[in-house]
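Here is a short tour to read alongside the sequence and the 3D view. Keep both open and follow the residues as they come up.

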Amino acid sequence: MKNHNLKKQLMLFRTDAGTKIPKNDSTSDEIESVSFRELVPEIKDTGYLTHAIFAYPAKFIPQVVRYAINTYTAEGDWVVDPFAGSGTVGVEAYLCKRNAVLLDLNPLLNHIMPLKVYRGKELLSEANLHKLLEGMRKSKRQFTPHWSNVDYWYAPEILEVLSRYWGFIHNTDDGIYSTLIKSALLKVNKRFSYTEDRTPKLARSKRKLNVIAELLKENWREQLDEMVYSLSLKTLKNLNDFVMHTQHQCEHLGTVEFHGGVDSSYVPVPRECDALITSPPYLQAQEYIRSTKMDLFWLGHTEEEIRELSRLEIPYRKADRLIQTETLNKIREMLTRDDLQKRLDSYFCHTVNALENSMNQLRPGAAACIFVGNPRIDGITVELWRILAEYFTERGFVFEKVYEDRIKTRKLFGARKNKNPDGMKSEFLLILRKNAYFNQ
Ligand SMILES: C[S@@+](CC[C@H](N)C(=O)[O-])C[C@H]1O[C@@H](n2cnc3c(N)ncnc32)[C@H](O)[C@@H]1O
């Protein structure tokens, strides 16, 4: 405890010194080039324990989060992530005995977190899982998603089976077992639909229509059941690994609060925090709600709710204030297309709003760790980390450092038709620190 307080005081002391933001034309050695995978050798597999249970576009690699937690927080601290997505920060915070507040527009977060941060102390039993799966196979209860064109995505015989399985799961109050079967069914829903499995967005393709047509000539029922069984079992094993990993430290484990379905740009963070660790949406090609809408429908969300959430997604909504910084203003001057200017303005308005909501709740001396890429818009590179650094250093934060991480295998949104065919090559972890004497 003493050490913890000392560390916090040292952070306060360091706060007001700060470092200058490296200049645009400076040599890149002012930016520390690192590989977070190498800096955190204890994490060998990005999908370890419960991290891989759900697929989610543009997830954090856990090594970045672990590095930020180890370097910028102490045991017992509260970490906030206003763009929590699939909850990587929550899992890492919990494993490192920190507490976390997670917010995200996508309500999937509320379905993900009870599994990914499973707090049970007893190992789960395969026999119980099998009993439930058998019940599901024989069940006749139907659940049809509130999705007007569900028929467009499924062959009728497959839809009938999936509707019965979900009917059973939605009406079974069997805690963690039914929750883990849901995570398996979500993957099966996609595999047995007409949408491409390999792209995050919904896309009905000729190739997939043929795959399903061929499947229907085979023993597809057995294949479907086999997939549900094996994925459920795999998740049960992940959860048991998680239980074993956390069992011995039970009395020190923290709290992970999650608020899915929340617009971070306009919702205040409910408590003071000791650090922010987040990765905001990308400037182009987001659409997380659209990418996960098949999951959301099966989980019981309605078309109206999903439409409303899509409207709030960054950057597909109107800006209500203009964010200005030196670098951002230069980019604005170079952009000739009106629609792209609007997108840029919207992106910075709502991303900065959300960051500011969380950063206002940081205690003096706390670090804000923001992981971003360098996307391009109409061929112009947008140095997100620099723009955010310029904005927040005028508002009570000091620039501490920026790390450059060379991307190896992080899955973003796949190939896109824009002027940047190679996609992003590097990502940056920007570290800002809250000034001790700044009056909001
Ligand atoms: C890069 S992803 C974060 C991924 C996350 N770091 C993970 O490891 O899964 C950005 C997130 O921003 C969320 N988002 C977009 N607009 C938002 C808004 N207005 N309020 C809150 N979250 C929003 C998206 O739903 C998405 O999950």
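This is a predicted model: local features need pLDDT of at least 70, side-chain atom pairs count only at pLDDT 80 or more; totals for chains, interfaces and linings use all residues.

Residues are numbered from 1 along each chain as its sequence is written, and side-chain values use heavy atoms, with hydrogens and water left out.

**The ligand site**

- The ligand is surrounded by 25 residues, and the closest are Tyr 56, Phe 60, Ser 86, Thr 88 and Asp 104; a residue is near a molecule if one of its heavy atoms lies within 4 Å of it.
- A polar side-chain atom of Thr 88 lies 2.6 Å from a ligand oxygen atom, while for Phe 60 a backbone N or O atom is 2.9 Å from an oxygen atom of the ligand.
- On the nitrogen side, a polar backbone atom of Ser 264 is 3.0 Å from a nitrogen atom of the ligand.
- How much of the ligand does the protein bury? Taken alone the ligand exposes 610 Å², and the protein buries 100% of that; these areas come from the Shrake-Rupley method with a 1.4 Å probe.
- The ligand takes up the space of the largest cavity. A cavity is a set of points on a 1 Å grid over the protein atoms alone where a 1.4 Å probe fits but cannot get out, and a molecule sits in it if more than half of its atoms lie within 2 Å of its grid points.

**Side chains in loops**

- Asn 106 is found in the loop between strand 3 and helix 5 (108–116); helices (H or I, at least four residues) and strands (E, at least two) are DSSP runs, numbered from the N terminus.
- Asn 106 counts as buried because its relative accessible area is 0%; buried means under 20%, exposed over 50%, and partly exposed in between, with a 1.4 Å probe and protein chains only.
- The side chains of Asn 106 and Thr 292 are joined by a polar contact of 3.0 Å, that is, a pair of N or O atoms within 3.5 Å; within protein, one must be able to donate a hydrogen and the other to accept it, and residues adjacent in sequence count only if both atoms are side-chain atoms.
- Asp 77 sits in the loop between helix 3 and strand 2 (78–81) and is buried, at 2% relative accessible area. Its side chain reaches the backbone nitrogen of Ala 74 at 2.8 Å.
- Asp 45, in the loop between helix 2 and helix 3, is partly exposed at 43%. A polar atom of the Asp 45 side chain lies 2.9 Å from the backbone nitrogen of Gly 47.
- The C-alpha atoms of Asp 45 and Pro 62 are 8.9 Å apart, with the two residues 17 residues apart along the chain.

**Backbone geometry**

- Which bond is cis? The peptide bond joining Ile 314 and Pro 315 is, with omega about 5°, and Pro 315 lies in the loop between helix 13 (303–311) and helix 14 (326–334).
- Leu 49 is not a glycine, yet has a positive phi of about 50°; Leu 49 is placed in the loop between helix 2 (36–39) and helix 3 (62–72) and is buried at 13% relative accessibility.
- Lys 97, also not a glycine, has a positive phi of about 60° and is found in the loop between helix 4 (88–95) and strand 3 (99–104).
- The C-alpha atoms of Lys 97 and Asp 77, 20 residues apart along the chain, are separated by 8.3 Å.

**Cysteines**

- The structure holds zero disulfides, a disulfide being a pair of cysteine sulfur atoms within 2.5 Å.
- Cys 273 counts as buried at 1% relative accessibility, and Cys 349 counts as buried at 0%.

Technical notes. On a 1 Å grid over the protein atoms alone, a cavity is a set of points where a 1.4 Å probe fits but cannot get out, and a pocket is an open set with protein on both sides within 12 Å along at least five of seven lines; lining residues have an atom within 4 Å of a point.
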